[in-house]
Structure formats: structure tokens, C-alpha cells
Amino acid sequence: MWKGRLTGAVMASVVACVTLLALACASVPVHAQTAFDRPGGDYFSTPVASGDPEDCALLCERDRRCRSWSFSYPDVEGGSAVCWLKNTVPTRVPGSCCISGVRGAGVIEPRVEGVETSIDRPGGDLRNFELKEGDGVEACKAACTADNKCRAFTYARPGYTGREARCFLKKEIKPPRRKAGFTSGVVR
């Protein structure tokens with residue numbers, strides 16, 4: 001008889017601990033993962049005219065079947081951004097093409113000192129140029145830092161201003177504006 005009561009008490013304690021752990025994990029905010037894809041489980045895809053991954057996350061929130069999503073940036077051929085809704089939560093894999101998340105996960109862009117993700121600083125251009133394939137925001141920032149007349153920069157991902165990535169060097173610091181596919185920064 002003791003043995004049965006002890007086993008029941010131990011079981012009740014284990015269930016209570018698991019429940020508390022599940023509640024604690026549920027209260028931790030979940031965010032989308034930049035530079036990750038979740039291949040598989042697709043049941044719907046649609047172009048995203050705005051080119052903004054937040055629109056893809058919102059589509060998932062509004063569809064009860066959606067459990068996760070992946071947003072693909074426009075490809076270098078000049079296509080449009082695409083949102084993929086999934087009825088499963090596939091394992092994430094690294095991929096600079098994409099941002100992915102699970103239902104309930106908003107898009108949180110990474111914070112890097114001196115770099116403003118999803119920000120454009122239109123106007124005040126000193127000059128602009130196409131970047132070589134494989135060059136990213138770091139190359140644009142380095143070009144601005146190397147030019148004494150340059151005060152700020154804006155990097156446009158491939159597919160947002162043309163086939164290739166483009167770097168805009170700024171002689172004036174203009175106000176920032178939220179714009180998907182663009183990254184800016186002030187260097188001096």
C-alpha cells in the first residue's frame with residue numbers, strides 16, 4: 001500500500017514539474033530567425049509585393065492552418081519576394097535567402113552596432129554603385145568609411161533596386177525610414 005501511494009505522489013510531482021516547465025517556456029518570447037529557411041511542409045505560397053517579411057508573419061497569424069512560415073527575399077533575377085506557409089514546423093537550416101519563424105513569432109531583425117536593418121535613408125546621395133556578387137552590407141559600409149566625404153550609407157539587397165545589390169554612399173545624413181530589403185548606417 002505504501003508503494004502505491006509513493007508512486008502516485010512521485011507521479012503527481014513529475015506532472016507538476018513538467019507543467020511548470022511548459023508554462024515557463026511558453027512565456028519566453030519567440031522570434032523569427034533571420035538567415036534561416038524551414039524547407040518542407042508548404043501548403044500555400046504567395047508573392048509579397050511589399051518585400052517585407054513582417055507581412056509573411058502576419059499571413060501565418062491570420063491562417064489557422066499555419067504552424068510556421070518562410071519568407072524568401074527576391075532572387076537575383078529580379079523576381080518578387082515569396083511567403084511560404086507551412087502546416088508543420090520543419091527544422092530550420094541556414095540560408096541567407098530567407099527569414100523563417102513559427103506562428104506567434106514576429107520578425108526581429110538582428111541588431112549590429114552601426115547598422116540599421118530594414119532602414120533606408122533616401123536622398124543626400126554622394127554616389128551609388130552595384131556591388132559584386134557575394135558582397136554585402138559590410139562592403140558598402142567599408143566603402144563609406146574609406147571615403148572622407150561619405151557620412152552615411154544604404155545597402156539594397158539584390159532584387160530591391162535591380163538584379164544586383166546596390167550601395168548608396170551619402171554626403172548628408174537623412175532621416176531613417178523603415179523599408180524592407182535595405183540596411184543603412186551612419187559612419188561620421
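Two strands pair if DSSP finds at least two bridges between them. Helices (H or I, at least four residues) and strands (E, at least two) are themselves DSSP runs, numbered from the N terminus. The model is predicted: local features need pLDDT of at least 70, side-chain atom pairs count only at pLDDT 80 or more, and totals for chains, interfaces and linings use all residues. Residues are numbered from 1 along each chain as its sequence is written, and side-chain values use heavy atoms, with hydrogens and water left out.

Start with the overall layout. The protein has three helices and ten strands. From the N terminus on, they run α-β-β-α-β-β-β-β-β-α-β-β-β. Of the 188 residues, 35% count as buried (under 20% relative accessible area; exposed is over 50%, partly exposed in between; 1.4 Å probe, protein chains only).

Now find the open sheet. Its five strands have the order β6-β10-β8-β9-β7, with antiparallel pairing. β6 (116–120) and β7 (125–130) stand at the edges, each with a single partner strand, so one side of each has no neighbour in the sheet. From one strand to the next, the twist averages 35 degrees. Angles run from 0 to 180 degrees between N-to-C directions, with axes fitted as lines to C-alpha atoms, for helices over the stretch in contact.

Five bridges join β7 to β9 (residues 166–170), and the two run antiparallel. F129 has C167 in β9 as its bridge partner. Helix α3 (residues 137–146) packs on the sheet and touches β7, β8 (152–156), β9 and β10 (177–186). Contact here means heavy atoms within 4.5 Å. The direction of α3 makes about 155 degrees with that of β8.

Move to helix α2 (residues 53–62). Here P53, C56, A57 and C60 are buried. Seen down the axis of α2, its buried residues fall within an arc of 100 degrees, so they line one face of the helix. That arc is taken from the directions from the helix axis to the C-beta atoms. The cover over these residues includes β3 (68–72), β4 (81–86), β5 (93–102) and β10.

Finish in the loop between β8 and β9, where G159 sits. G159 has 22% relative accessibility, so this residue counts as partly exposed. Not counting residues up to four places away in sequence, G159 touches P74 and D75. G159 and G181 are 22 residues apart in sequence and 8.5 Å apart in space, C-alpha to C-alpha.
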